[in-house]
Amino acid sequence: MAAVADKKLTGLVAATFTPLTPQGEVNLSQIGPYIDYLTQKQGVKNIFVNGTAGESMSFTVAERKMLAEEWCKKAKGIMDHVIVHVGCLSLKDSQELARHAAEIKADAIAIMAPFFLRPKNVAALRKFLQEVASAAPSMPFYYYHIPRITNVNLPVVDLLEDIENDIPSFSGVKFSASDAMDLGLCINNSKPQWTVLFGVDEELLSGLAMGAQGAIGSTYNYLGCHINKLLAAFEKNNLAEARRIQYNLQELLRYAKKYGGFDLGVNKQLMVELSGLPLGPPRPPVIQCPPENAQSIVQKFHSLFSESS
Ligand SMILES: CC(=O)N[C@H](C=O)[C@@H](O)[C@H](O)[C@H](O)CO
Ligand SMILES: CC(=O)C(=O)O
């Protein structure tokens with residue numbers, strides 16, 4: 001296993017969907033083809049598994065272990081990083097998944113705040129995170145800030161203060177919030193070996209402007225090659241080109257709103273249609289996007305993003 005911070009994580013990370021059979025059972029057989037699709041067709045070399053797009057909380061601990069193991073096994077030698085999200089509502093379940101991630105030699109773990117009984121202040125959040133991290137002390141550890149889902153909206157910059165004293169494996173933040181001030185302060189208060197990855201795909205350019213070193217997102221599953229161009233354009237200070245690509249992603253999400261919003265059901269179905277991978281339906285309570293709606297969004301996708309642009 002790589003020592004903590006052996007390989008610094010930067011660039012694009014796809015937050016994977018979870019392949020299911022048509023009956024809604026975990027379908028490990030699609031994980032190999034999924035990884036081939038990401039590397040060969042999308043130019044994506046990093047994955048974040050069992051996260052939000054992966055419907056983590058809808059799966060049992062046993063299912064999440066099977067999934068994490070297969071992602072790591074199939075990504076070995078092909079992907080640069082596999083980050084396993086181990087967040088659960090129960091500390092014990094999170095610790096079990098953290099230990100398991102270390103056993104299967106994942107590259108890093110990430111954890112969102114528990115959101116049934118929520119930590120009421122930064123100290124309480126830090127204690128929870130520290131107890132998870134200490135179950136797998138050799139695993140690079142990322143805090144996954146996604147207040148839209150957790151309703152835990154404590155300033156991340158406050159969490160970062162001397163965090164390495166409590167969590168020596170701390171390696172960075174997956175920042176999925178539209179809060180440019182907290183994001184900027186996180187980056188300004190980061191250690192050089194940490195990575196702050198931005199997680200709001202439709203606002204990536206603003207995250208890059210603030211200094212994010214990479215991006216994790218669900219849309220990079222099928223937009224990886226385009227978003228890699230956005231990252232390259234930003235690097236070269238070609239803001240006009242970076243904006244063009246960003247606007248197209250925003251137009252896609254705006255269009256999807258016509259069909260009730262860009263939720264996980266729509267998002268996963270778009271991946272199925274665009275990749276051709278049979279990833280199955282989402283698991284209830286998420287509902288599958290009706291095929292005619294998905295087709296209409298796919299058409300919009302093709303009008304916004306062509307192979308050559
Ligand atoms: C709620 C959710 O899934 N957030 C993702 C990551 O944090 C994003 O990748 C979004 O899916 C994306 O930005 C579209 O809103
Ligand atoms: C979408 C995202 O970043 C996640 O799956 O956690």
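A residue is taken as near a molecule or strand if its C-beta atom, placed from the backbone, lies within 6 Å of it. The model is predicted: local features need pLDDT of at least 70, side-chain atom pairs count only at pLDDT 80 or more, and totals for chains, interfaces and linings use all residues. Residues are numbered from 1 along each chain as its sequence is written, and chains are lettered from A and ligands numbered from 1 in the order written.

Ligand 2 is surrounded by Ala15, Phe48, Gly51, Thr52, Ala53, Gly54, Gly199, Ile216, Gly217 and Ser218. This shell has 4 nonpolar, 6 polar and no charged residues (Ala, Val, Leu, Ile, Met, Phe, Trp, Tyr, Cys and Pro count as nonpolar, Asp, Glu, Lys and Arg as charged, the others, Gly among them, as polar).

Helix H1 spans residues 31–42 (helices are DSSP runs of H or I, at least four residues, and strands runs of E, at least two, numbered from the N terminus). Its 12 residues reach 15 Å from first C-alpha to last, close to the 16 Å expected at 1.5 Å a residue (1.5 Å times one less than the number of residues). Ile31, Tyr34, Ile35, Tyr37, Leu38 and Gln42 are buried (20 or more other C-beta atoms within 10 Å of the residue's own). Down the axis of H1, the buried residues fall within an arc of 155 degrees, so they line one face (the arc is that of directions from the helix axis to the C-beta atoms). Gly43 follows H1, with a positive phi near 65 degrees.

In strand E7 (residues 195–198), both faces are covered. Thr195 and Leu197 are buried on one side, Val196 and Phe198 on the other.

Note on methods: A residue is buried if 20 or more other C-beta atoms lie within 10 Å of its own, exposed if 12 or fewer, and partly exposed in between; C-beta atoms are placed from the backbone.
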